[in-house]
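Please read this note with the model open beside you. The points are numbered so that each can be checked in turn.

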Amino acid sequence: MKLVEVSALCLLGILSLCVSVEAGTFDMMREAALAYPGALPCGNWDCDCAFKRQRGCCCVANDMCQLEEQTFMRMVNLWEQLSTLEGDLRELTDNNKIAFRASMPSSPTCFGPYTSNVPIPYTSISLNDGHGYNPALGVFTAPRTGLYSFALMVYSNVGDPNARLYHQVQLKKDGQVVACVWEDNREDQEDSGTQTVLLSLRRGDQVYVELLAGRKLCGNTDMNGNSFTGYLLYPLAEE
């Protein structure tokens, strides 16, 4: 019997959407539906819905609102997580773009000899991602901790087969020699050499190349064969 009563009340509400009903009668039906004290046919029945909204929403209105709210909050949370992930990836990849290539400038004269060891000024820069290489000092300073690869190419041409080909160039990490290229003979007027090394660097460690005292590099104008390159292979955890 109760089910029939409630159904009748809601039916009247639904019909009111399609049939013109006087304001007083409509309010009476609405008040009667809202004041019904018995158990409703479904747990979340919203009788007020039948009088204010479209048909068919009465039994699901509250559930739908709750579902919409939960879905919206999940989307907001997902968006925040994606934004955080994007930022982390950008920071990681941007900091990994560390690479440089520098060479000696063209010169009609030899570089050296000098009375003391001198850092070689590789001032012609073709690449300096991460800005770790300082051309004013000829020094690479590690922007972050990681494993790095360095290559040193040395070329010299004294221009006379009877002259002495005499040079020694060394790669240094924080003042310690890690690689060397040298030549001392009167049989060749020109020669070249290359060294490649892997170095584990902490943030702030410095790597550079120097010419030993009394030695010289010549004839690099045309070949541009004296270069210093390096790049980050992969980052390591900060100690």
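1. The side chains of Q168 and R215 are joined by a polar contact of 3.2 Å, a polar contact being a pair of N or O atoms within 3.5 Å in which, within protein, one must be able to donate a hydrogen and the other to accept it, while residues adjacent in sequence count only if both atoms are side-chain atoms. Q168 lies in strand 7, where helices (H or I, at least four residues) and strands (E, at least two) are DSSP runs numbered from the N terminus. With 17% relative accessibility, Q168 counts as buried; buried means under 20% relative accessible area, exposed over 50%, and partly exposed in between, with a 1.4 Å probe and protein chains only. Leaving aside neighbours within four places in sequence, Q168 is in contact (heavy atoms within 4.5 Å) with C180, V181, W182, E210, L211, L212 and R215.

2. The model is predicted, so local features need pLDDT of at least 70 and side-chain atom pairs count only at pLDDT 80 or more, whereas totals for chains, interfaces and linings use all residues. Residues are numbered from 1 along each chain as its sequence is written, and side-chain values use heavy atoms, with hydrogens and water left out.

3. E210, one of the contacts of Q168, is found in strand 10 and is buried, with a relative accessible area of 5%. The side chain of E210 has a polar contact of 2.7 Å with that of Q170 and another, of 3.2 Å, with that of K172. Apart from neighbours within four places in sequence, the residues in contact with E210 are N117, V118, P119, I120, Q168, V169, Q170 and K172.

4. How many salt bridges are there? The count comes to one salt bridge, where the term stands for a side-chain nitrogen of Lys or Arg within 4 Å of a carboxyl oxygen of Asp or Glu. The side chains of E210 and K172 meet in a salt bridge at 3.2 Å, N to O. Because E210 lies in strand 10 and K172 in strand 7, the pair ties together parts that are 38 residues apart in sequence. K172 is buried, with a relative accessible area of 12%.

5. The largest nonpolar core has 28 residues, of which I120, Y122, F140, F150, L171 and F228 touch the most other members; such a core is a set of buried Ala, Val, Leu, Ile, Met, Phe, Trp, Tyr and Cys residues joined through side-chain atoms within 4.5 Å. Among the elements that give two or more residues to this core are strand 1 (99-103), strand 6 (146-157), strand 7 (165-173) and strand 11 (227-235), and the largest share, four residues, comes from strand 6. Not counting residues up to four places away in sequence, F228 touches F100, R101, A102, Y122, Y133, F150, A151, L171, V207, Y208 and V209.

6. Strand 11 gives the most to the nonpolar patch, with three residues, while L198 is found in strand 9 and is exposed, with a relative accessible area of 55%.

7. Some backbone values deserve a second look. Most residues other than glycine have a negative phi, and most peptide bonds are trans. The peptide bond from G112 to P113 is cis, with omega near 0 degrees, and P113 lies in the loop between strand 1 and strand 2 (118-119). H131, although not a glycine, has a positive phi of about 55 degrees; this residue has its place in the loop between strand 3 (124-129) and strand 4 (133-134) and counts as exposed at 69% relative accessibility. D174, also not a glycine, has a positive phi of about 50 degrees, sits in the loop between strand 7 and strand 8, and is partly exposed, with a relative accessible area of 41%.

8. For the protein chain as a whole, there are four helices and 11 strands, and 35% of the 239 residues count as buried. Among contacts between residues at least 6 apart in sequence, 70% join residues at least 24 apart.
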